[in-house]
Amino acid sequence: MFKQFIAVTAMSLQTLPQRIGASSVIVIGIAGVVAVLVSVLAMGAGFRHTLADGGRADRVIILRGGSDAELSSNLTRSDVDIISNAPGLAKDSSGKALLSSELVTMVNVPKFDTGTDANVTLRGVGLKLTEVRPELKIVQGRMFRPAVRELIAGAGAVKQFRGLDVGGLIHLRNADWTVTGVFTSNSDVHESELLADVDTVGSSVERNGYSSAIGLLTGPQEFSRFKDALTTDPQLKVDVQREREYYAAQSKNLTQAINVVGKTVAIIMAIGAMFGALNSMYSAVAARGQEIATLRAIGFGALPVLSSVMVEALLLSLLGGVIGAALAWLFFNGHSVSTLGGGFAQVVFQLTVTRALIVTGIIWACVIGLIGGLFPALRAARLPVAEALRAA
Amino acid sequence: MKFFPLIWATLWRKKTRTIFTLLSVVIAFLLFGMLEIVDNAFSHPSTGVTGADKLITTNKYSLTLPLPLADVQQIRSVPGVAEVTWISWFGGYYQESKNFVFALPVDTDSYFNLHKGEFVVSDRQMQAYRNTRTGALVNSALMKKFGWKIGDKVPLHSTIWTKKDDGSLDWTFDIVGTIDVKDPTQASAQAYTFVFHYELFDEGRSFGKGQVAWFEERVGDPSQSGAISGRIDALFANSPNETKTQPANDFTLAFIKQYGDIGFVLRAILGAVFFALLFLTGNTMMQSVRERIPELAVLKTLGFGDGKVLMLVLAESLLLCMIAAVIGLALSYAALPIIKMGLQGVELSPTALIPGVGVAVLLALIVGAAPALRAMRLNIVDALADKR
C-alpha cells in the first residue's frame with residue numbers, strides 16, 4: 001500500500017511539468033494570499049512591538065485619575081512633589097528620586113509620504129531623563145540643554161517627518177526650536193517623538209504643570225507598594241500604571257483593527273485561491289484520467305490515488321506559501337511606517353515579519369491546498385475505470 | 001448579438017471549471033469593491049455637516065494648543081466671514097472609555113446660525129435647550145445606543161476637564177431633545193453628536209477658561225475661501241497664537257492622512273489579487289480554447305473569418321469577467337453596512353464601484369488576448385486533424 005502510494009505520487013509529480021500552467025495557478029494564487037496575510041499581520045506585530053514591548057516592568061507612569069492618556073492628563077507641581085516622596089522609587093547618589101515629570105504636547109510636522117502636517121509628540125522631560133530612561137542613546141549630535149529652545153529627535157521620527165535632521169528648526173508658538181541631536185531608545189514609541197526640557201516646553205505653551213510623571217522603581221515587585229501609597233493619599237487623585245501596561249492599552253485597539261482587517265482580507269482571498277486550486281486539481285485529475293484508470297486496472301488501490309492527488313496539491317500550495325512569505329519578508333520586513341496611534345499622536349514603527357507569522361502563513365497555505373485538493377482527489381479515486389480507459 | 005447563444009454555450013462547456021473560475025473572479029471583485037469603497041472613504045472623506053462654505057481655524061503649530069476666545073471678535077470683522085463659532089474638545093465617554101461620545105460644547109446662537117438648515121431640531125426642543133442651562137441635544141442614534149430618553153439626566157466623563165466646584169471629571173447633562181442631520185448621507189458621520197452649552201462648560205471647568213480648540217467660519221462665497229483664510233491668519237501673524245485657517249474639507253483630509261498612506265496598502269493588496277487572477281483566468285481561457293480547436297476549425301470551415309473567431313473568443317472572456325465582476329461588485333455593495341460598522345464616522349459612497357467595470361473589461365481583454373489570437377491563427381487543415 002505504501003509502495004503503491006510512493007509509486008503513484010512519484011508518477012504524478014513527474015508529469016507535473018506537463019501541467020505547468022494549471023499548477024502555477026495554485027502556486028501564484030496561494031503566494032498572493034500568504035504575502036498579503038503576512039505583510040498585514042507584520043504591520044500589527046510591528047506596531048505592538050513598538051508600543052507594548054518597549055516599557056520596562058520596573059518603570060511606572062502616573063497620570064491624573066480619570067485621564068486615559070498623557071495628552072488629556074494634568075498634574076500640578078505639588079502633585080509631582082508628593083509623588084517623588086512615595087516609597088519604592090529608585091534614588092540617585094544624592095538621594096533624589098528617579099522621577100521625570102513630563103509635559104506632552106503636539107507639533108505639526110509634515111510627513112514625507114503624504115506631504116501634509118502630522119501630529120508629532122513634543123515631550124518635555126525632566127532632568128532625570130537619562131537615569132529614568134537608560135536605554136536612551138544619542139546617536140548623532142548632542143543632548144538638548146535646558147532653558148534654551150533645543151530638542152532631540154527620535155530616530156524613527158527623523159525618517160518619517162521632514163526637517164528633523166540635526167540643525168533643523170521646528171516652529172512652535174512664535175519661536176524656533178533647534179534639533180541638536182538624534183536618539184534611539186530600543187525602537188520603542190519614544191523614537192517617534194521629540195524630547196526637550198520640560199520647563200522650557202511648559203513656558204512655551206504657557207502651561208504650568210505636567211501631563212505625567214515617569215518613575216523608576218527599585219524593582220518590579222515594588223509596584224503595588226508604590227501604587228497603594230499614591231492612590232490612598234487623600235491629597236492626590238492619580239492613576240498609577242506600569243509603563244508596559246499603559247502602552248499595551250494604548251496599542252490594543254489599533255493592533256486589533258489591523259489584525260481583523262488583515263485576516264478578513266486574507267480569508268476572502270483564500271476563498272478565491274481555493275476555487276483556483278480546485279480548478280487546477282480537477283483539470284490535473286482530468287488530464288491524468290487515463291493514467292489513473294490504468295493504474296486502478298492493474299491493481300492500484302483508491303487510497304494511494306487519492307493521496308497522490310492530495311500530496312500534489314499540498315506540495316504546490318506549500319511552495320506558494322513559502323514564496324508568499326518570502327516576498328513579504330523581502331519587501332516589507334523592517335519597512336518603516338507611521339500612523340496615528342492611540343491618542344492623537346504619530347507612532348513610527350517597523351513592519352516585523354516574525355517567525356510565527358511565517359509559520360501562520362504557511363499553515364494557511366497548506367489548509368487552502370488541502371481543501372482545494374480534497375474534492376478532486378475524491379473524484380480521482382472514484383473514477384470509473386472502464387469508462388476512463390475507453391475515453392481515449 | 002445573434003452569436004450570444006453560441007458564446008453562452010461555449011462558456012458552459014465545462015461547467016465545473018467555469019463555475020470555479022467565475023467564483024474566483026467574483027471573490028476578486030468583491031475584494032476590489034470593498035477596498036475601493038474604503039479607499040474612497042479615506043481619500044474623499046465626508047466632512048460631516050461642514051460643506052464647501054466652511055473654514056476651520058486652528059493653532060498654526062499644534063492642534064492641541066488652544067486659541068483665545070477673544071480672537072472671535074477680530075475674525076467676525078473679516079470681510080467675507082458670514083458667521084463664526086468656537087468649539088472646545090471635551091474628550092467625553094459614557095460610563096466606560098469604549099463608549100465614546102463626540103460631545104462638543106457649542107455657543108448656541110453662532111453654532112446654529114452657522115449650520116442653518118443643516119440640523120433637524122424641533123422648535124419646541126430648541127426652545128427647551130435654550131432654556132435649560134445643563135441641557136444637551138443628542139443624536140437619535142446615540143440615544144438609542146445607550147438607551148437614553150428625552151428628560152434623562154446623563155453623566156459624561158471628560159478625560160480632559162475637571163470641574164471647578166468639586167474637582168471631578170464627571171459632568172451631568174439633561175437631555176432635552178434630539179439633533180439629527182438633514183442630509184442622510186451624513187447620518188453615520190454624525191452619529192456621535194452630543195452638543196451642550198459652551199457657557200456651562202466654560203464656567204464649570206477648573207482651568208483653561210476663555211480658551212477654545214478651534215474656530216469654525218462660514219463664508220458667503222466659497223470661491224473666496226483662500227483669500228478669506230489668508231486674511232484671518234494675517235490677523236494673528238506674529239502673535240503668540242498664530243492661526244492656520246483652511247477649508248473644513250482640507251482639515252478633515254489632512255487629519256485622515258495622518259493614518260498613513262492607506263491607499264498604497266490597498267493598492268498593494270489589489271495588485272497581488274489581480275496578478276494571481278490574471279494567471280487563473282488566463283489559464284482557464286487557454287484550456288478552453290485548446291479543447292475546442294477542432295470546433296473552432298469547423299466554424300472556420302463554415303465560413304467564419306479569422307476576425308470573427310477572434311471576436312468570439314474575446315467575447316467569451318468578456319462575458320465571463322463581466323458576469324463575475326457584476327456579481328462581485330454587487331456583493332461588495334451589499335457588504336457596505338458591514339464596512340460602515342468598522343469605519344465609524346467615515347462616509348462611504350457606492351460610486352467608488354464604477355471603476356470596477358473598467359477593470360473587468362481590461363482583465364477580459366488581457367486574459368482573452370492570447371487564446372483569441374491563437375484561435376484566429378488556426379490553420380483549418382491542421383486544426384481539423386487536431387494537430388496542435
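**Exercise 1. Find the kink in helix 8 of chain A in this predicted model.**

Solution. 
- The kink in helix 8 of chain A is centred on A:K252.
- Read the angle. It is about 40°.
- Helix 8 of chain A runs over residues 243-287, 45 residues in total.
- Compare spans. From first C-alpha to last, helix 8 reaches 62 Å. At 1.5 Å a residue, 66 Å is expected, and the actual reach is close to that.

**Exercise 2. Work out how helix 2 and helix 8 of chain A are oriented to each other.**

Solution. 
- Take the partner. Helix 2 of chain A covers residues 20-52.
- Take the geometry. Its axis lies 8 Å from that of helix 8 of chain A, and the packing angle is about 175°.
- Apply the cut-off. Angles over 145 degrees count as roughly antiparallel, so helix 2 of chain A is roughly antiparallel to helix 8 of chain A.
- Sort the contact by class. The contact between the two helices has 24 nonpolar residues, 10 polar and three charged.

**Exercise 3. Decide whether chain A is a compact globule or more spread out.**

Solution. 
- Count the elements. Chain A has 12 helices and 12 strands.
- For 392 residues the globule rule gives 21 Å; the radius of gyration of chain A is 30 Å, well over that, so chain A is more spread out than a compact globule.
- Look at the box. Along the principal axes, the C-alpha atoms of chain A fill roughly 95 × 45 × 30 Å.

**Exercise 4. State how chain B is divided, and how far apart the domain centres lie.**

Solution. 
- Assign residues. Domain 1 of chain B takes 4-45 + 261-385, and domain 2 takes 54-258.
- Over C-alpha atoms, the centres of domain 1 and domain 2 of chain B are 49 Å apart.

Technical notes
Residues numbered from 1 in each chain as written. Chains lettered and ligands numbered in written order. Predicted model: local features only at pLDDT ≥ 70, side-chain atom pairs only at ≥ 80, totals over all residues. Heavy atoms only, no water. Helix = DSSP H or I, 4+ residues; strand = E, 2+ residues; numbered from the N terminus. Expected span 1.5 Å × (residues − 1). Bend = angle between axes of the 7 residues up to and from the residue. Domains from an automatic or database assignment. Axes fitted to C-alpha atoms, helices over the stretch in contact; angles between N-to-C directions. Parallel < 35°, antiparallel > 145°, perpendicular 65-115°, else oblique. Nonpolar A, V, L, I, M, F, W, Y, C, P; charged D, E, K, R; others polar. Rg over C-alpha atoms; globule rule 2.2 N^0.38 Å.
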